[in-house]
Amino acid sequence: MLNIVLFGPPGAGKGTQAEKLISKYNLCHLSTGDIFRANIKGETELGKLAKSYMDKGELVPDSVTISMLETEVDKNKQALGFIFDGFPRTTAQAKALSTFLSSKGTSISVMLALDVNEDELVKRLLLRGEASGREDDKDKSVIANRIKVYNEQTAVVADFYASEGKFEKINGIGGIDLIFSRLCSAIEKHYQTA
Ligand code: AMP
């Protein structure tokens with residue numbers, strides 16, 4: 001199974017690249033941010049809880065996020081592999097994912113970390129806020145907090161995969177197709193596709 005962790009700060013281009021990767025490699029895309037937003041739209045209890053954190057740019061607690069993610073993996077038993085987008089965001093989430101996947105006889109193949117400087121991230125997020133109407137992309141202080149949370153709590157997750165020899169840093173600046181080809185080359189280093 002090809003299981004990818006697509007990693008990087010908010011605005012790095014994970015969603016855009018995930019779309020291209022799922023169609024090339026036939027993978028199931030699990031974005032925890034998208035799942036939370038669907039729950040907010042559906043006005044579920046989980047959605048209400050998640051919104052209280054998302055509105056401030058804080059992380060939703062690990063216990064809630066991990067069990068939600070595991071439920072989604074279990075819903076997709078026929079998947080050929082997964083792209084985890086926006087997950088794991090803490091070392092506890094990374095460890096839980098590793099234990100969970102190993103109980104299914106599989107593991108993460110590679111972490112692809114999109115590298116984009118902070119000025120460019122803020123520019124992209126504000127543009128996305130105008131286009132998509134995402135509330136957490138419109139407010140400069142929420143954007144700043146999301147980047148701070150990324151630097152303080154999430155960036156360290158890269159070390160977890162680096163220690164397993166599965167970390168690939170990808171230059172996230174350039175055209176969409178160029179970045180996509182960098183991602184594909186990194187995947188092929190770690191996983192022999194047919
Ligand atoms: P995203 O769409 O990935 O930018 O996520 C939007 C928001 O959802 C984040 O700012 C967090 O509040 C929440 N979120 C998404 N994924 C996670 C996660 N793995 N752990 C905790 N919170 C998350």
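Trainee: Why does glutamate 43 count as exposed?

Mentor: Exposed means over 50% relative accessible area, buried under 20%, and partly exposed in between, for a 1.4 Å probe and protein chains only. Glutamate 43 has 63% relative accessibility and therefore counts as exposed. The model is predicted: local features need pLDDT of at least 70, side-chain atom pairs count only at pLDDT 80 or more, and totals for chains, interfaces and linings use all residues. Residues are numbered from 1 along each chain as its sequence is written, and side-chain values use heavy atoms, with hydrogens and water left out.

Trainee: Where is the place of glutamate 43, and what is its phi?

Mentor: Glutamate 43 sits in the loop between helix 2 (32-41) and helix 3 (45-54). Helices here are DSSP runs of H or I with at least four residues, strands are runs of E with at least two, and both are numbered from the N terminus. Although glutamate 43 is not a glycine, its phi is positive, at about 55°.

Trainee: How do you know whether asparagine 26 counts as buried or exposed?

Mentor: The relative accessibility of asparagine 26 is 52%, so this residue counts as exposed. Asparagine 26 belongs to the loop between helix 1 (14-25) and strand 2. Its phi is positive too, about 60°, although asparagine 26 is not a glycine.

Trainee: What makes strand 1 (residues 2-7) mostly covered?

Mentor: Six of the six residues of strand 1 are buried. Leu2, Ile4 and Leu6 point one way, Asn3, Val5 and Phe7 point the other way, and all are buried. In a regular strand the side chains alternate between the two faces of the sheet.

Trainee: How do you know that strand 1 pairs with strand 3 (residues 81-85) and with strand 4 (residues 110-115)?

Mentor: Two strands pair if DSSP finds at least two bridges between them. Strand 1 has five bridges to strand 3, in the parallel sense, and four bridges to strand 4, also parallel. Asparagine 3 has phenylalanine 82 of strand 3 as its bridge partner, while isoleucine 4 stands opposite valine 110 in strand 4. Strand 2 and strand 3 are likewise parallel, over four bridges, and cysteine 28 has phenylalanine 82 as its bridge partner in strand 3.

Trainee: Which strands stand at the edges, and why is one side of each left without a neighbour?

Mentor: The five strands form an open sheet with parallel pairing, in the order 2-3-1-4-5. Strand 2 (28-31) and strand 5 (167-171) each have a single partner strand, so they stand at the edges and one side of each has no neighbour in the sheet. From one strand to the next, the twist averages 20°.

Trainee: Why is helix 6 called oblique to helix 7?

Mentor: Axes are lines fitted to C-alpha atoms, for helices over the stretch in contact, and angles between N-to-C directions run from 0 to 180 degrees. Helix 6 (residues 118-132) and helix 7 (residues 140-154) pack at about 135°, with their axes 11 Å apart. That angle makes helix 6 oblique to helix 7, because angles under 35 degrees count as roughly parallel, over 145 as roughly antiparallel, 65 to 115 as roughly perpendicular and the rest as oblique.

Trainee: Which residues of helix 6 and helix 7 meet?

Mentor: Contact means heavy atoms within 4.5 Å. Among the residues that meet are Leu121, Val122 and Leu125 in helix 6 and Ile143, Arg146 and Ile147 in helix 7. The residues of this contact divide into six nonpolar, one polar and four charged. Ala, Val, Leu, Ile, Met, Phe, Trp, Tyr, Cys and Pro count as nonpolar, Asp, Glu, Lys and Arg as charged, and the others, Gly among them, as polar.

Trainee: What makes helix 1 oblique to helix 9?

Mentor: The axes of helix 1 and helix 9 (residues 176-190) come within 10 Å and cross at roughly 55°. That angle places helix 1 oblique to helix 9. The contact includes Leu21 and Tyr25 of helix 1 and Phe180 and Leu183 of helix 9. By class, this contact has eight nonpolar, two polar and four charged residues.

Trainee: Why does lysine 189 count as exposed?

Mentor: Lysine 189, in helix 9, has 60% relative accessibility and so counts as exposed. Its C-alpha atom is separated by 9.7 Å from that of glutamate 168, 21 residues apart along the chain.
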